[in-house]
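Here are a few notes to go with your first look at this one. Have the structure open while you read.

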Amino acid sequence: MEKYEDVVGIDVSKLTIDAHLYKRGLHRLFSNTYKGYVALVKWTEQHLKEVGYFFCFEDTGHYSTNLAVFMSENAIDYIEENPLAIKRSSGIVRGKTDRLDAAMIARYAWIHKEELKLSSPKETYLQELGRLLAFREQLVRDRTGKTSTLKEAQNLLNSPSTDLCCKTIEKTIHYLTKQIHTIEQRMIVLVKEHKTSQRNYDLLNSMKGVGLILSCQLIYHTDNFKRFESWRQFSSYCGVAPFGYQSGTSIKRRNRVHHIGDRKMKTLLTLASVSAIQCDSELKLYYQRKLEEGKPKMVALNNVRNKILARAFSVIKRGTPYVEIQQFAA
């Protein structure tokens, strides 16, 4: 990224965006709307004119999505970075304001410009898929809470079948279940509307332990398997890749997974691995072999999680469904 001579750091909030020109040391506040984005570009061009520059802002979910889409549609160079990476590279910071955050983001982008890569927004159908997955998760949590409330009420009442509260809760649970089913059907339609995502979805579902939700989450988080070059990179992203811990000769611990990672993906992979060792003979033998080697159960289960990711990336790369080799063994 040698062609750039300046960077614009942006702190994105719900209603406003703070912009900071790194080398000029200028700051200005804009609204987090289309008009604000247009004003931001005009203001930047007034001060930088023919100087090459790029924008950098944190990935703040829904708040930054419209800004990323605007810059992509107008062919503007930008980088959407992980907020934690910016925070941990900032050193000791005293005080916090949106203006200071914008300056901190600009400084980070300029210092690390040789390492950073330009961003591009997810495709429209992937953005919708992400929203559906998030909303489904919220509905499942609501249904789980209502189910617990219903069981508690039934244990306390002598005639729960005639109690109005129990009947109301049962109707709510039934309604939530219908809504969850509707969202899942929309997810299937959305994935199958695109040739590549349908192909990847079918390939992922050829594996035991991988169902609708995990397949859709894999497609969403990997940008339909374009974002990560290998399953090891994605394993690190999910927080299931083990790392060493050593310092000098006195500190040397066994490899452990790091707490930083996508917790939802980690949970889904755990559920998939538990299911897989019950219905997949190969993974069951693999899991038992790890236990016989003396590994703790969670370590062996983590090995299965990585095995599932390795299989997922392999079937996508080959373009052929997963085949259980053991059934062909003599």
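**Notes on helix packing and cores**

1. Start with H5 and H6, whose crossing is left-handed (the near helix is turned anticlockwise from the far one by less than a right angle; clockwise would be right-handed). Their axes, lines fitted to C-alpha atoms over the stretch in contact, lie 9 Å apart at an angle of about 160°. H5 and H6 are therefore roughly antiparallel (over 145 degrees between N-to-C directions). Helices here are DSSP runs of H or I, at least four residues, numbered from the N terminus.

2. A word on the source: this is a predicted model, where local features need pLDDT of at least 70 and side-chain atom pairs count only at pLDDT 80 or more, while totals for chains, interfaces and linings use all residues. Residues are numbered from 1 along each chain as its sequence is written, and side-chain values use heavy atoms, leaving out hydrogens and water.

3. Now look at H1 (residues 34-48) and H2 (residues 62-73): their axes come within 10 Å and cross at roughly 55°. In contact (heavy atoms within 4.5 Å) are Tyr34, Tyr37, Val38, Leu40 and Val41 of H1 with Asn66, Leu67, Phe70 and Met71 of H2.

4. Which residues touch the most other members of the largest nonpolar core? Leu129, Met187 and Leu218 do, out of 47 residues. Such a core is a set of buried (under 20% relative accessible area, 1.4 Å probe, protein chains only) Ala, Val, Leu, Ile, Met, Phe, Trp, Tyr and Cys residues joined through side-chain atoms within 4.5 Å. H12 gives the largest share, nine residues.

Notes:
Buried < 20%, exposed > 50% of the residue type's maximum accessible area, 1.4 Å probe, protein only. Helix = DSSP H or I, 4+ residues; strand = E, 2+ residues; numbered from the N terminus. Axes fitted to C-alpha atoms, helices over the stretch in contact; angles between N-to-C directions. Parallel < 35°, antiparallel > 145°, perpendicular 65-115°, else oblique.
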